[in-house]
Amino acid sequence: MNIKISALQFTREVKSGNISVEDFIAKTMEQIHNVDDKLHAFLSLNEKAVDQAREIDKKIKSGGKIGQCLGMPISIKDNICIKDTKTTCASKMLENFIAPYDATVITKLKQQDAIFVGKVNLDEFAMGLSTEFSAYGPSKNPWNTDYVPGGSSGGSAVSVSAFECVASLGSDTGGSVRNPASFCSTVGYKPTYGLISRYGLISYANSIEQIGPLTRTVEDAAFMLNLITGVDPNDNTTVDNKNEDYLKDIDSGIQGKKIGIIKEMIGDGIDPSVLSATKNAISKLEGLGAICEEISLDMVKYSVAAYYAITATEAGSNLARYDNLRYGYDFPVEGYEFNSYIEKARKKLGPEVIRRMILGGFVPSAGHAGKYFLKALKVKSKLTRQINDAFKKFDLLISPTVPILPFKIGEKINDPAALFLIDINTVTANLTGKPAISIPYAISNGLPIGIQLIANSMDDKLLLQAAYALEKTVKLPEVPI
Amino acid sequence: MVSREEIEHVAKLMRIEIDDPTIYERVDKMMGYFDILDSAGVESEEISVREIPIANLREDKYIPFDEKLIEKLNHYKGTYVRAPKMI
């Protein structure tokens with residue numbers, strides 16, 4: 001049985017009776033057992049997955065009502081709550097935390113008969129871009145296991161790339177879906193802010209983070225969006241998309257569309273092979289009838305600093321809840337004074353989380369707020385104004401997703417400023433709430449390169465149409481695992 | 001430049017015990033990177049805020065939970081969260 005198929009192919013094969021869900025899930029679990037020792041995408045597995053598949057087969061055979069996923073194997077980033085399942089955020093602090101409820105995205109996927117094959121790795125509390133900050137060890141890039149898979153949704157990207165599932169859900173705060181998608185040659189989608197409910201996503205930086213799908217194809221990303229978008233009373237930042245069908249007319253093409261090439265995202269520090277792939281993608285889009293012109297967004301230069309100042313502040317507040325009294329690990333309270341207990345308990349948090357919490361204490365504090373936090377908010381406002389102006393002239397914007405190729409595990413872990421700059425092309429979409437997608441585009445020296453397209457808020461459908469058109473111009477080799 | 005004492009003060013307020021000596025240098029480096037914001041020229045920029053009308057918020061009503069949530073906590077006694085002594 002071929003498990004190297006897309007989500008939509010899977011649904012077609014199941015509907016036509018060519019494959020049984022049980023066989024497919026069993027084969028997928030076998031693949032996980034075969035490759036995951038090497039790749040470390042998964043933090044926990046759903047041991048009941050095959051039984052659940054059998055139940056879905058029974059439902060199909062009996063002609064019962066069946067959801068659109070038809071038992072599709074999906075992996076879930078381990079910062080999204082699945083009721084009665086461990087949700088660790090890749091942190092020792094939450095190593096035994098069992099979620100008491102389902103995230104809205106999980107409720108929606110359960111209603112569509114998805115099967116969650118397991119929870120996947122991330123940088124602790126989604127703070128990082130390589131999965132090297134996971135308390136349970138890094139995931140490895142399936143294209144070359146000496147290299148990072150990107151992050152923070154590294155486990156999601158690895159699991160899709162290595163055929164350990166057909167789709168995954170990650171979360172994107174500053175590029176955490178698109179960055180690993182680019183590094184592992186999968187599609188990664190960050191929706192318009194508010195399009196997908198964050199209820200049940202363990203908070204890191206609420207004002208800019210979003211759940212997003214990682215898939216094998218652009219069509220699969222559209223399919224997933226159809227299932228998980230919409231207003232949620234449990235998340236009052238959600239927006240009404242009027243039940244948009246993102247799959248319909250996905251092949252409309254991009255004839256006559258105007259695409260802005262963001263000058264600041266193809267400048268200093270870009271790897272020559274990434275630049276060359278970007279230029280090639282632009283030529284392909286022009287060949288499809290798009291009109292591409294350079295545009296300058298000078299606030300991009302300051303976007304990474306603004307992003308880290310804002311996210312650290314929100315993280316400092318969000319992580320204050322980890323006092324080990326309500327959530328946490330087994331550490332008795334007897335014999336401790338209140339403050340010293342919390343200090344001791346927080347030793348379970350990893351070094352990157354501690355650093356960002358301290359930053360989050362500094363940035364908004366008296367004496368520093370004007371210098372850092374308020375300026376960061378002003379940069380965010382100005383960047384939003386600049387990008388809104390850009391969308392008066394252009395339908396879409398383009399850049400490489402990440403300006404460099406995947407790097408070796410350990411190569412950059414001790415250089416925070418170098419790590420920060422890897423986010424330069426992705427944080428703009430988060431700070432401005434715009435939808436963005438990473439499309440697998442090229443392989444250089446055996447390592448993947450992704451191209452990023454950005455659209456105006458609520459133009460997610462247009463974005464997927466353009467991404468689909470670009471995707472159809474490339475044929476990439478299969479991942480060498 | 002952020003001093004060692006400032007870092008220790010903030011860490012104490014955040015109930016974080018520093019036992020990694022490299023943290024001072026790394027936090028200082030990260031804060032140093034934020035200095036780029038000084039040259040952004042955004043002094044006169046207004047901060048935009050996302051407004052959500054009250055009418056769009058969900059009704060504030062009691063929704064029964066089908067399990068005993070308190071049993072999910074690590075430390076509890078009866079219906080109370082159990083915490084270390086404050087004095």
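Is the crossing of α11(A) and α2(B) left-handed or right-handed? The crossing is right-handed, a term used if the near helix is turned clockwise from the far one by less than a right angle, anticlockwise being left-handed.

This is a predicted model, in which local features need pLDDT of at least 70, side-chain atom pairs count only at pLDDT 80 or more, and totals for chains, interfaces and linings use all residues. Residues are numbered from 1 along each chain as its sequence is written, while chains are lettered from A and ligands numbered from 1 in the order in which they are written.

**View 1. The contact of chains A and B.** Chain A gives 45 residues and chain B gives 42 residues; residues are in contact if their C-beta atoms, placed from the backbone, lie within 7 Å. On chain A, the elements giving two or more residues include α9 (300-318) and α12 (373-393). This side of chain A holds 26 nonpolar, 9 polar and 10 charged residues.

**View 2. Helix α11(A) against helix α2(B).** The two helices pack at about 55 degrees, with axes 10 Å apart. That makes α11(A) oblique to α2(B), because angles under 35 degrees count as roughly parallel, over 145 as roughly antiparallel, 65 to 115 as roughly perpendicular and the rest as oblique. Among the residues making the contact are A:I354 and A:F362 of α11(A) and B:I23 and B:M31 of α2(B).

**View 3. Strand β7 (residues 258-262) of chain A.** In this strand, 4 of 5 residues are buried, that is, 20 or more other C-beta atoms lie within 10 Å of their own. Strand β8(A) runs parallel to β7(A), joined by 5 bridges; A:K258 has A:I291 as its bridge partner.

Key
Two residues are in contact if their C-beta atoms, placed from the backbone, lie within 7 Å. Ala, Val, Leu, Ile, Met, Phe, Trp, Tyr, Cys and Pro count as nonpolar, Asp, Glu, Lys and Arg as charged, and the others, Gly among them, as polar. Axes are lines fitted to C-alpha atoms, for helices over the stretch in contact, and angles run from 0 to 180 degrees between N-to-C directions. A residue is buried if 20 or more other C-beta atoms lie within 10 Å of its own, exposed if 12 or fewer, and partly exposed in between; C-beta atoms are placed from the backbone. Two strands pair if DSSP finds at least two bridges between them.
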